[in-house]
Amino acid sequence: MKTYRTASPEETQALGRALAPELKPGSVVALFGGMGRGKTVFVRGLAEGLHAPEAVSSPTFALVHEYGGQPPLVHFDMYRIETWDDLYSTGFFDYIDQGCVLAVEWSENVENALPGDSVFVHIEPGTTENERIITISGESINEDFGH
């Protein structure tokens with residue numbers, strides 16, 4: 001587990017970009033943190049690092065966005081997911097089997113369904129408006145990534 005401090009949305013995005021090369025087809029990036037903490041900003045960085053051609057937006061209303069990339073990035077919003085049926089209806093398990101990288105916002109709501117080898121990204125506010133404390137853990141992650 002490694003903890004990072006970012007001082008701006010640009011730095012949070014850069015951290016996501018630095019994580020991208022550590023991911024492989026089938027990786028799940030489980031994002032935890034309250035509203036407005038920077039989860040979507042972090043995913044924008046992942047998309048850049050995976051060379052996804054489309055701009056990342058919050059998936060709140062669509063629940064799932066596909067962005068392409070190498071490997072393809074699929075972005076989920078699990079904020080309103082309450083049951084296993086809700087989760088199955090998003091196609092979550094199908095996407096894992098297709099070799100995509102899954103970025104899952106509001107992972108707190110589906111924690112029991114996350115693969116054990118997921119990359120866990122916890123984003124908390126810092127002491128200033130734009131500062132974030134980001135903890136990244138996962139067995140498949142080199143703790144010196146991005147350096």
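Predicted model: local features only at pLDDT ≥ 70, side-chain atom pairs only at ≥ 80, totals over all residues.
Two strands count as paired if DSSP finds at least two bridges between them. One of the residues involved is V64, whose bridge partner in β4 is F76. Together, β3 and β4 make a hairpin, with four residues sitting between the strands. In that turn, G69 takes a positive phi of about 110°.

Helix α2 (residues 39-49) is mostly tucked away, with nine of its 11 residues buried. The buried set is made up of K39, T40, V41, F42, V43, G45, L46, A47 and G49. So what does the covering? Among the elements over these buried α2 residues are the helix α1 (9-19) and a run of strands, including β2 (28-32), β4 (73-77), β5 (101-105), β6 (119-125) and β7 (132-137). The largest nonpolar core holds 24 residues, and L31, F42, L46, L73, V119, V121 and I136 have the most contacts inside it. Two or more residues each come from α1, β2, α2, β5, β6 and β7, and α2 gives the most, with four. There is also a second, separate core of 17 residues, which includes I81, C100, V104 and L114.

Definitions and conventions
Residues numbered from 1 in each chain as written. Heavy atoms only, no water. Buried < 20%, exposed > 50% of the residue type's maximum accessible area, 1.4 Å probe, protein only. Contact = heavy atoms within 4.5 Å. Core = buried A, V, L, I, M, F, W, Y, C linked by side-chain atoms within 4.5 Å.
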